[in-house]
Amino acid sequence: MKPQPSLTVCLAFALALSAHASSGNQSPASDKARRSVAAVQPAAPATAQAQAVGETHAAVQVAQQDGAQPAAQSSATAASEPFSVEKAVQTCNTCHGPDGNSALPETPSLAGQTARYIYLQLKDFKEKRRENPLMSPMAANLDKPQMLALAQYYAEKKLKPNDFKADAGKIKHGKAKADEVLCTMCHLGGFMGQNEIPRVAGQRYDYIVKQLKDFRAMKRTNDAGNMTSVSKTLKDEDIEALAHYITNIN
Amino acid sequence: MAAAALLASAALAQEISGGATTAGASMSGRLTGVSQAMLDGADKEGSQWLQVNGGYSQLRYAPQSQITAGNVKKLKPAFVFQTAVLESMETAPLVVGDVMFLTTSFNHVYAINAVTGQQYWHYKHKMGAVTTYCCGPNNRGVAALDGMLYMGTLDAKLVALDAKTGKLMWETQIEDPELGYSETMAPVAVDGKVLIGTNGGEYGVRGFVKAFDAKDGKLLWTFYTIPEKGHEGVWAVNDATGRNMLRDIAAEKDALAKNGGDFYKTLGGGVWMTPAVDRETKTVFFVVGNPSPDLYGAERPGDNLYTNSMVAVDLDTGKYKWHYQYIAHDVWDLDAVSPVILTEAKGKDGKKRKVAIHGGKTGHVYVHDRATGELIRFSEAMVPQENMWVLPTSEGARMLPGANGGVEWNPMAVNPKLGLAYAANLHQPMTYHVEAAKYPGGKLWLGGAFKVIPSEKQWGRLAAVDISTGKMVWKADTEQPLMGGVLATAGGLVFTGEGNGAFNAYSAKNGAKLWSFQCGAGVNAPAVSYSVNGKQYIAVAAGGNTQLDFKRGNSMFVFALP
């Protein structure tokens, strides 16, 4: 079982990032506080991107109303500044929530996610193995050190328990399904994830449901067939039960 | 579940900063360097446990006989050593003099007193930024030679430590972890070399066994388990037991002719358990894991040599000697894993022969001539087999055994006096599912999935097989599938553990359960035996298991008679 976060980060993030890759080979773990890479030019215009997305566009608006940095402002200041993880994540967090703890239903939390998974998903967005109207352009201008730095940043954050009211009967059903399809063989005990296999414990309910359904329908295909195969025999009620179970693990 | 999650989280969090040796009490004066002569005699060693599987023959047979079928009921814990890492433990400790060396998940090593549990030092490997492994952050132990200890790491390095101090002496990068290479196996040290294979059959690696110079980590030779040319083999129709594997060989030949054989670079074939060594003939024996991707075979036409095979190579050069493939073009992940054991058994003519044996995920024990690889016999199936070899489907096809076996990585033990091999088996009914998938560049690449069948009970079976007849002499069934391995002793006992925390002793002759102790976490590691000051000890790790999600722990339990 591998429901995998879609990293539907906000638009402005892409605008704050460099298209001119740094030649530096920074270690993501070596300098957590100050990772800086030469900055550059914006990706596609924010409005065009946002309009293409409907539901996530609405999410961006919600985040902005809550006081997050608007996309246009970020891009205006980013063009000549070096890449800064701390600044970049301000933009990410408008959708993914403070420290990567998402409050938006289909936007995944990134806090406590495995660094390897975040990095590979960003890479997949960039190289078009995974498509999302918001995330694809954002990842397009990231270079490897930047991706690794962002991944490490969120991996070190603490995931807060979410407020989803899970149903006891569905949790039981979900646990039985998880045992059947051998989720923890890859996702590790407690669904904590390992390496490129994501932590899904405590992930947002709607996001888990959407990813499992997307895998089943082959709308998401960057799993080398593993999750497609796992989800293929799951009914809608199984997927919902699994999500009740997994989101409730904190 | 929530508690387990927190604990696992704590264990993971410990690993990010990594990389140091912490000193404890002054090292015991009884610690000596482990010489080549000591390693050569390790299979018959009277008191120490010098290699993870006993000696180069990997019999896992301890000559100590103080603890017997008659007194094992009195066996009690002498001490419990708790590590700082609460995660799956598959380690077998070494004991040199009165010092025990044990490893944990995430590549920690401890040196402790083997009688009291007092800690001498603790080494914590500084993990690289990238690790890629499928089935838990395990480690199965170290090799010792001439005052050094050798360990493979999750970030695909080989590290050498000073056994007295735990200080890092050198480290070398074995392969690129970005591409799915990692190390969980214990290496073997021999003739100034350290031999090690690789994980990665779930990631599209090209498997190997490499030899490094024990002094400085310089690479001496590499044997690739996937040959660049000829991996299509003989287009075998049947498996080692003569059953048709339902291959569409015409279609495979067409695919190979059309697309070529360049996929050898991602064909898998990991070697992730310790090789056996015959020093007389200078031969290294090991088994090779599954092809990549596990369940989707269309990408890799041919027999996929030398996956799912026993292979013998020259100790000095790594040059190929022989191989025997059990399952050609495997699409069930029923690969060869449990380490090779070198022993003797009767040939078909009744005369004793030197043999190399392997316990398969298929549930058979295979007995080979050691010089040629000829399959002398295979045992009766130790666990139920059904629908072999039905091909995986999109919706899932039921076949027994499930993908974990039979015999998983679990090292077997042999009692040479009784001529019996003891194998820890699983019974996990599964359906096999296939999904087309191109090479994903270092990400998990199963090409499908395995699923257990909820309505069918899972269980374990400790089986004793007469390797001169192939008959299963006795069997002892357990509540849960067995994962961890076996120890046999000259006291007429066989030890193995269960995922529910039980560590058990059985009669070597008839399988009667004679003793059990509840360790509080899954006992999913092979036990060892040693003696200090004339007293015999049995040690086993209780840390649970990732693959079967057995309850995690962090302890080495050591037992002795009062």
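Tutor: In this predicted model, helices are DSSP runs of at least four residues and strands are DSSP runs of at least two, numbered from the N terminus.

Student: What kind of peptide bond joins Leu305(B) and Tyr306(B), and what is its omega?
Tutor: The bond joining Leu305(B) and Tyr306(B) is a cis peptide bond, and its omega is about -5°.

Student: Where is Gly406(B) placed, and what joins Gly405(B) and Gly406(B)?
Tutor: Gly406(B) has its place in the loop that runs between strand E24 (397-399) and strand E25 (413-415) of chain B, and a cis peptide bond with omega of about 20° joins Gly405(B) to Gly406(B).

Student: Why is Gln58(B) called buried?
Tutor: Buried means under 20% relative accessible area, and Gln58(B) has 3% relative accessibility, so Gln58(B) counts as buried. Gln58(B) is found in the loop between helix H2 (36-40) and strand E2 (61-62) of chain B, and its phi is near 65°, a positive value in a residue other than glycine.

Student: How do you know whether Arg60(B) is buried or exposed?
Tutor: The relative accessible area of Arg60(B) is 1%, which is under the 20% cut-off, and therefore Arg60(B) is buried. Arg60(B) lies in the loop between H2 and E2 of chain B, where its phi, near 50°, is a positive value in a residue other than glycine.

Note on methods. Residues are numbered from 1 along each chain as its sequence is written. Chains are lettered from A and ligands numbered from 1 in the order in which they are written. This is a predicted model: local features need pLDDT of at least 70, side-chain atom pairs count only at pLDDT 80 or more; totals for chains, interfaces and linings use all residues. Side-chain values use heavy atoms; hydrogens and water are left out. Buried means under 20% relative accessible area, exposed over 50%, partly exposed in between (1.4 Å probe, protein chains only).
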